[in-house]
Amino acid sequence: MPDDKILLERDGVRLVLDRTGTVATITLCNPAKRNVQSPALWLALIEAGRLLPGQVRVAVLRAEGPSFSAGLDRQAFTPEGFDGGPSFLELGRGSEAELDTVISRYQQAFTWWRRTDLITVAAVQGHAIGAGFQLALACDLRVCADDVQFAMRETSLGLVPDLTGTKPLAELVGYGRALEICVTGRYVHAEEAERTGLANLVVPAADLDAALADLTAALLAPPRDAVNETKALLRTALIHTETEQFAAERAAQTRRLRSLAGAE
């Protein structure tokens with residue numbers, strides 16, 4: 001759209017705000033390398049989260065080209081590493097405390113999507129491997145093209161999934177299937193992704209834009225405060241006891257009713 005505003009464009013990430021100011025689109029924009037990920041890209045994603053204006057209600061994650069993201073750039077495992085940063089081999093020679101700090105920093109690129117003041121939607125086509133799979137899992141919802149192929153390949157590299165993907169994966173598909181997906185590194189195709197809850201919706205690739213637009217409009221339709229309170233409730237539902245969750249529901253509804261009645 002001609003009135004859209006680019007707020008960030010660097011290191012394979014573009015952040016665009018629509019003319020209404022309520023929808024932000026974060027695009028992985030390095031299709032020539034299948035949107036492989038690097039520390040620089042993760043820092044750009046962190047910055048995108050920080051730059052979101054307060055009026056944004058829906059943040060959409062997209063990717064240019066045939067692949068959503070082919071995962072970690074293998075340059076991370078070369079002795080030279082990335083420009084301006086150490087290789088993972090060099091990082092591995094650091095102390096446990098140093099490694100914990102570095103990984104925690106990288107995880108911030110994947111955690112802000114869970115904020116309760118907005119709904120996040122990933123539009124996924126083609127390959128979403130490793131870090132790409134975990135980035136899609138970081139979002140609240142996933143709309144997928146029928147050519148989608150999810151895979152966790154970290155164990156084949158002697159690593160583990162550490163970019164916040166293990167919890168949502170296990171919550172969505174269950175422990176046993178999550179373990180099998182991660183250890184075998186096999187592909188999860190569109191039909192299985194929809195059946196197991198990894199995908200909220202699967203459509204032909206040509207219809208992905210239209211499906212995303214329809215979902216975004218539906219997410220914007222209810223009052224914002226009610227949406228945010230509902231997201232907050234659902235995010236605690238799996239960790240609260242029944243008593244805790246029921247109390248949280250009462251407190252949230254009390255806030256909503258008082259607001260509607262003009263008592264706040």
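Reply: Contact here means heavy atoms within 4.5 Å. Leaving aside neighbours within four places in sequence, Gly65 is in contact with Pro31 and Gln125. Two ground rules: this is a predicted model, where local features need pLDDT of at least 70, side-chain atom pairs count only at pLDDT 80 or more, and totals for chains, interfaces and linings use all residues. Numbering runs from 1 along each chain as its sequence is written, and side-chain values use heavy atoms, with hydrogens and water left out.

Me: Why does Gly65 count as partly exposed?

Reply: Buried means under 20% relative accessible area, exposed means over 50%, and partly exposed is in between (1.4 Å probe, protein chains only). Gly65 has 38% relative accessibility, so it counts as partly exposed. As for its setting, Gly65 sits in the loop between strand 4 (58-63) and helix 2 (88-91). Its C-alpha atom is 7.0 Å from that of Arg34, 31 residues apart along the chain.

Me: And Thr216, what makes that one buried or exposed?

Reply: Its relative accessibility is 10%, so Thr216 counts as buried. Thr216 belongs to helix 8 (residues 208-220); helices are DSSP runs of H or I with at least four residues, strands are E runs of at least two, and both are numbered from the N terminus. Beyond four places in sequence, Thr216 is in contact with Val23, Val58 and Val60.

Me: What makes a set of residues a nonpolar core?

Reply: The members are buried Ala, Val, Leu, Ile, Met, Phe, Trp, Tyr and Cys residues, joined through side-chain atoms within 4.5 Å. The largest one here has 55 residues, and Ile26, Trp42, Leu45 and Phe150 touch the most other members. A second, separate core of 15 residues includes Val60, Ala123, Leu141 and Ala211. In soluble globular proteins, nonpolar side chains tend to be buried together.

Me: Which residues does Ile26 touch?

Reply: Not counting residues up to four places away in sequence, the partners of Ile26 include Val13, Leu15, Leu45, Val60, Trp112 and Trp113.

Me: Zooming out, how do you know that the protein is as compact as a globular one of its length?

Reply: The protein has 10 helices and 10 strands. Its radius of gyration is 19 Å, close to the 18 Å that the globule rule gives for 264 residues, so it is as compact as a globular protein of that length. That radius is taken over C-alpha atoms, and the rule is 2.2 Å times the number of residues to the power 0.38. Buried residues make up 46% of the 264.
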